[in-house]
Amino acid sequence: MAEKIRIETPFTVEQSKKLKAGDSVLITGTIISARDAAHKVMCEALARGEKLPVEWKNEIVYYLGPTPAKPGDPIGSCGPTTAGRMDAYTPTMLEQGITGMIGKGSRDPKVIESMKKNGVTYFVAVGGAAALIAKSVKKYEVLAYPELGPEAVARLTVVDFPAIVGIDCEGNNFYEIGQAPYRKL
């Protein structure tokens, strides 16, 4: 089995360009969670010419809606949300400086084009492994839109957060590459 690549945040375009579809990574540092409700609110704010409550340059966004934390834990289960739910908002958000995204599932071709334009990597986390993923989260802090509850924008401090490069910044798609050997011609 290939060795996992260790990534520390902030996550730069230069770091993004070194990764290839299918790479296994462990992310340490901070990532910012935001789901579709937060993406909608942020894109509406940008359309009105307003400043966002979070500086997104060199950030990784995790599409997440966590469950409540048990006493003594920073977060409850925190598995990935289907990334396609953010596709309508993603090109606008990538223009804000996001360099990495974590979710599950495939992405729209317009999102992949925006990723290539902006040097962005799409990481996938394993759906169904939410309790295991939660063990990598050491701190959870709401940054904006607390009224959105679990969909609020929050900063997560993580150590060895496990993910796979689903789509690299050149548009190579592991969902396609990984399945190719098993397709009938």
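Which residue in strand 7 does Y122 stand opposite? Y122 stands opposite I167, a pairing read here from a predicted model in which local features need pLDDT of at least 70, side-chain atom pairs count only at pLDDT 80 or more, and totals for chains, interfaces and linings use all residues. Residues are numbered from 1 along each chain as its sequence is written, and side-chain values use heavy atoms, with hydrogens and water left out.

**Strand 7 and its partners**

- Strand 2 (residues 24-33) pairs with strand 7 (residues 153-167) in the antiparallel sense over nine bridges, where strands are DSSP runs of E with at least two residues, numbered from the N terminus, and two strands pair if DSSP finds at least two bridges between them.
- Within strand 7, V158 is the bridge partner of G29.
- Strand 6 (residues 137-144) runs antiparallel to strand 7 and is joined to it by six bridges, with V142 standing opposite A154 of strand 7.
- Strand 5 (residues 121-124) is also antiparallel to strand 7, the two being joined by three bridges.

- D87 is found in the loop that lies between strand 3 (60-62) and helix 3 (90-94), a helix being a DSSP run of H or I with at least four residues.
- With a relative accessible area of 14%, D87 is buried, a term that means under 20% relative accessible area with a 1.4 Å probe and protein chains only.
- When its neighbours within four places in sequence are left aside, D87 is in contact (heavy atoms within 4.5 Å) with R107, D108 and V111.
- The D87 side chain reaches the backbone nitrogen of D108 at 3.0 Å.

Methods: Buried < 20%, exposed > 50% of the residue type's maximum accessible area, 1.4 Å probe, protein only. Polar contact = N/O pair within 3.5 Å; in protein donor to acceptor, adjacent residues only side chain to side chain.
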